[in-house]
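Here are my notes for you on this one, as numbered points. Keep the structure open beside them and look up each residue as you go.

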Amino acid sequence: MKFKPSLLALSVYALVSVSAPVFAHSVATPAEITAKQDSLTQLIEQALRYDASRKQFYAQSQAMRETGIASATLMDPKLKVGFGGLPVDSFQFDQDPMTNISLGLMQQFERGETLSLQQKKANQQADGMSLQVDARERDIANGITQLWLELGYQQQAEDILKENQRLMRELANFIQTNYSIGKNEAQDLLNAQLQVSKLDEKLQANAQMQRRITSQFSEWLGAEWLAQNGQLLTSNQLDWQHLNQRIERSDGTEHYALLVDHPTVKMTDAAISASETQVEIAEQAYAPQFGVEVMYAYRQANGMNGQPASDLVSAYLTMDLPLFTDNRQDKNHAAAQYQVGAAKSLKDLLLAKMNAKVNALLVDRENLEQRLERYRNTLIEQAKARTQAVERGYQNNTAQFSDVIAAARDELTLTLEKQRLITDLNLVNSNLAALLGGFDYRVETPDIVQPTTRNAHQ
């Protein structure tokens, strides 16, 4: 079979060439990673600037603060106007000296320090709501980063598949030439053409996935961005130096010192503070509530001595007496204390769940790193050695051309699996960054429409 050395020469060239660009794509330079990471950071900051949820949470927190100011203000005084002692036989205001036209003013005061405590509670609730802005920022940063990494993997896979497709086409054309002059078998030609068609299918599926992932960015960046930025140059590797520094501060399997800075945990702290303030408000219910009333009565009739009757002034101090507290004040106070306990238990539960999640992600991270080392140091080298052995066997008539194709296919599969592991490792780091604060972005306070006063509409 004299045609085999000629065919082997090209197949060896093709397979060796396949391996070189495949592994060139697997390691990005620090400068490339930094440049693409800067692009990712800009994308995240752009998404945060235009995110409607951040504006919603910020507006709600401002609304709570304004409500707190309103709740800490005394009730408006009440004006009381009327008449008294009017004789029904004549309905004359100047007939009976007891008849008077009264004008009064009433003001009621809250119990103890209820007003200031209500404002304090409203501000604490507003702080909790504003922390939802920070939590939303982390969710967006994580979501965009994960899409970026997935798109980066698909682009890496596209480069690898295209390079393999180019070399496989050259090999198929060479076999086609040899087959036309009777120096190759039909099954070798069909096998090579089948591999080219399979790569065409993989590339089409890859293009579909890239378009799908790119479309998902429009959730945060809008349809207009999608129309103008149909192609993003991304990466499946990022620099996690800031995250690694934070992880080094953790103590074994307990990461509570880092998790307490998470916005969701801080929200539970705000809820605990608001519940404790509610206990203080409930305690104010044991204090009496005061009210003041001042009345001025104008009289038109003469008195019994024939002289004009004097006008009258009345002043009253009202005070309720919280004497029966068993079924109202005591129960409200107990309910407020239960709420404090519930809020603290919620924080403990949240921290336990988040700590377990961090530990699970760290296990995934460690195992992915170990598997990557195996791919770098063992599997890829073994696949290349197998390919070379099959090539020698084909040259010595101890292996079939299908074995050469199978070896190349396995090497391609291992290369793609390696890129998948790199991507999965970075996805794990992204989830850890969302929990431990490993993202590095800057964003200003949401810009919302300021309310107008009632006088502005008049």
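1. A quick definition before we start: helices here are DSSP runs of H or I with at least four residues, and they are numbered from the N terminus. With that in hand, find helix H4, which covers residues 114–180 and holds Gln165. Keep in mind throughout that this is a predicted model.

2. Is Gln165 buried or exposed? Its relative accessibility is 10%, so Gln165 counts as buried, the cut-off being under 20%. Setting aside neighbours within four places in sequence, Gln165 is in contact with Val196, Leu199, Asp200 and Leu203.

3. Stay in helix H4 for a moment. Arg166 and Glu163 both sit there, three residues apart, which is about one turn of the helix. They form a salt bridge, with the closest N and O atoms 2.5 Å apart. Arg166 is partly exposed, at a relative accessible area of 36%. As background, side chains of opposite charge can pair when their charged atoms come close.

4. Helix H10 has a pair like this to look at. Glu373 and Arg376 both lie in helix H10, three residues apart, and their side chains meet in a salt bridge at 3.4 Å, N to O. Glu373 is partly exposed at 40% relative accessible area, and Arg376 is partly exposed at 36%.

5. Now for a pair that links distant parts of the chain: Glu150 is in helix H4 and Arg420 is in helix H11 (residues 401–436), 270 residues apart. The closest N and O atoms of their salt bridge are 3.0 Å apart. Both residues are partly exposed, Glu150 at 22% and Arg420 at 22%. Asp424 joins in too, as Glu150, Arg420 and Asp424 are linked in a network of salt bridges. In the whole structure, the search finds 16 salt bridges.

6. Back to helix H10 (residues 329–395), where you'll find Asn355. At 6% relative accessibility, Asn355 counts as buried. What does its side chain reach? The answer is the backbone oxygen of Thr253, at 3.0 Å. Leaving out residues up to four places away in sequence, Asn355 touches Thr253, Glu254, His255, Tyr256 and Leu259. Compare that with Gln289: Asn355 and Gln289 are 66 residues apart in sequence and 48 Å apart in space, C-alpha to C-alpha.

7. Next, zoom out to the domains. Domain 1 takes in 30–74, 110–287 and 322–436, while domain 2 takes in 79–109 and 289–321. Their C-alpha centres lie 74 Å apart. Six residues from each domain make the contact. About 570 Å² is buried between domain 1 and domain 2, with carbon and sulfur atoms giving 54% of that area. On the domain 1 side, Leu74, Glu110 and Arg111 supply 68% of the area buried against domain 2, more than any other three residues.

8. Glu293 lies in strand S3 (residues 290–298) and counts as buried at 14% relative accessibility. Phe91 is in the loop between strand S1 and strand S2, and it is exposed at 53%. Phe91 also has a positive phi, near 55°. Most residues other than glycine have a negative phi.

Terms used
Residues numbered from 1 in each chain as written. Predicted model: local features only at pLDDT ≥ 70, side-chain atom pairs only at ≥ 80, totals over all residues. Heavy atoms only, no water. Domains from an automatic or database assignment. Contact = heavy atoms within 4.5 Å. Buried area = accessible area lost by both parts, 1.4 Å probe. Helix = DSSP H or I, 4+ residues; strand = E, 2+ residues; numbered from the N terminus. Buried < 20%, exposed > 50% of the residue type's maximum accessible area, 1.4 Å probe, protein only. Polar contact = N/O pair within 3.5 Å; in protein donor to acceptor, adjacent residues only side chain to side chain. Salt bridge = Lys/Arg side-chain N within 4 Å of Asp/Glu carboxyl O.
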